[in-house]
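Open the model in your viewer and keep the selection tool ready. This tour goes from one stop to the next.

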Amino acid sequence: MLQHLISLLLQICVVHSFSSLPHSGGNHAIHNARCCPLRTSSSSHLPPKLENLVTDTLDSDRKIIVVTGGVLSGIGKGVTASSIGVLFRAMNYRVTALKIDPYLNVDAGTMSPFEHGEVFVLDDGGETDLDLGNYERFLSVSLTKDSNLSTGKIYQSVIERERVGEYLGKTVQVVPHISDAIQEWILKVAQTPVSRFSKVATDNDDAKDEPPEVCIVELGGTLGDIESMPFVEALRQLQENLGWKNLCFVHVSLVPVLGDPAEQKTKPTQHSVKQMMQMGLRPDFLCCRGKEQLEPSTVSKLSLFTSVPKGAIVSLHDVSNIYRVPLMMIEQNLHSMLAQRLRLLPNELGVDYSMVESQTQIEESDVIKDWRKLADSVDEPESECDWRKLADSVDEPESECVIGIVGKYIEQGDAYLSVVKALTHASIATKQRLCIEWIEASSLCQDSDDDGTESISDETAWDRLKRCDGVVVPGGFGTRGMAGKIRTIQYLRENKIPFLGICLGMQATVIEYCRNVLGIQKAHSAEFFDDLVKDEEDAVIFMPEGDRTRLGGTMRLGARETILKENSIARKMYGSEKVMERHRHRYEVNPALVPRLEDEGLQFVGRNTDASGERMEVCELSEDVHPYFMACQYHPEFTSRPELPNPLFLGLLQTCKRIIAAESKTSAVVK
């Protein structure tokens, strides 16, 4: 009893003393000892560079939200972080994002798609984790390579500093040097201006680079992993340096359902939070993943054992599509609680989230209105989809569109994540229900060890291919599946089935045309054979400026300009003569064969002119010959957005819809 009275008196004294502190500017009403760290240069323990970044963050009133994960990997941290970003977008804040990957690789460029999934390429050539694709699509921003931080990057940075003597002879250690470098990196990304939409996706003059007001940081992996320890310590120090009101933690955990009758189990989350607190971090919000919505008793139990307020425990149960996650957060008032926790609301209510009402009117914002229509249109493409106000009078869809993806990484669905998203965006815009048929390229034709000629094929795979309304042949590396891709393209060309080839898909297109139209039977890529006849059989060649010995970061990467020919299909789809798209390749179409290919009908309508000479970027067949036969050297899927589908994917889906409608009309007449 005595201890309780003493504790109560201390709290009253602390509150009384802090209430006399002056009010801050902007959206914040009070400073307190937890909110405002000591910043006098004479007593600061921070190195000058980090101290300047901390001062700038505080002066700019910039907020940081850290998303962590527990229990297991792949729990949905990326979608959670992206969805939180949507909430802040809806509240009219400029948002940026940072993904921390604890692996030792400098970047994701040399990692196998089978192990790591897709490598997402940014405008500046950064090869990053696929989560950055989610960030760009959800936040409608163009990020930079610094938005993906790995252990390899941070150690490389610190070692380079040590080599030039920046540490003045001190013993370089994980703490403070690595932890300080991590904090500096986070704060630099948080202040780096970002542009709305990708610069390569739109010519919108309103897409200005402006400094962010909110930075979402996702800590990859699972809390407790040994490789993430330096980042955890850095985040703990960062909250001390920035103050409680400027940084908060959102912890994503699992609440499984076991037993008969089924019961939601809280123990995994309890242990995850306990481990988090042992490392010096404390979750402000719990986002609990599971099949069904959290029951009230589960919420009460989690609150009791984790000390997280009931209102701050958010149920992120399974939904029909990921676009519903931000809407689910709004239903549970997470946006208002985040705003209150970070002192973005005009009144001060502490952390009693039961008193926090929806004061941001976020449901009426254009972002959320459009987002709700987007989510609805994915589930029910027949419903009105007016999120860009570009389809007010579009007819109701009358068909389902089956698109085949013929690739070599089919077993790992995330390897083609951006391709799937780009197809989804185009299907929404054309109001079609999208069905994807995954087809392993090697099952269509086994690769030969000699000249790449066709061998045994899987008839079942061919049957599935023939049921497709359109086909995408995406990028890849290595010879496996190449023969299957070439045979697929031949079938699509001869049977006039809509086709889009990407990167290696374009190279396979040129090889197929050389073999079956020009009659160069041994035509192939110099990537796979080094004994091809120069300027005759080498349809695809190594780029002159390429590096054959050093693999990481040496490809042709990032946004490059492509000039489109007038009256071409690609020019009509883009609506512009010059476009910027993202690249990732070492090999290119041999310019020496282009005149012969064009004489036989394969038109290279997109070309890039740079210091190394003219490059082939887009090829197509005339609409008189084929309804939609398009291939590009770049990766159009990286610049597709829910509100702005990439034109090449849009053209594919529009053509499919037109053909399906014509066939349906013909069938109706016959009947």
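Which element gives the most to the lining of the largest pocket? Select α3, which gives four residues. This is a predicted model, where local features need pLDDT of at least 70, side-chain atom pairs count only at pLDDT 80 or more, and totals for chains, interfaces and linings use all residues. Residues are numbered from 1 along each chain as its sequence is written, and side-chain values use heavy atoms, with hydrogens and water left out.

Stay at the pocket. Its space comes to about 990 Å³. By type, the lining has eleven nonpolar, 14 polar and 13 charged residues; Gly counts as polar here.

Next, show the whole protein chain. It has 21 helices and 26 strands. These are DSSP runs: helices (H or I) have at least four residues, strands (E) at least two. Of its 671 residues, 55% count as buried, meaning under 20% relative accessible area with a 1.4 Å probe.

Finally, colour by pLDDT, the predictor's confidence in each residue, from 0 to 100. The protein chain averages 83, and 82% of the residues score at least 70. Select residues 1-43: pLDDT stays under 50 there, and the model has 46 contacts for them beyond four places in sequence. Contact means heavy atoms within 4.5 Å. Last, select residues 198-206, where pLDDT also stays under 50 and the model has 19 such contacts.

Conventions: Buried means under 20% relative accessible area, exposed over 50%, partly exposed in between (1.4 Å probe, protein chains only). On a 1 Å grid over the protein atoms alone, a cavity is a set of points where a 1.4 Å probe fits but cannot get out, and a pocket is an open set with protein on both sides within 12 Å along at least five of seven lines; lining residues have an atom within 4 Å of a point. Grid points are joined across faces, edges and corners, and a volume is the space filled by probe spheres set on the points.
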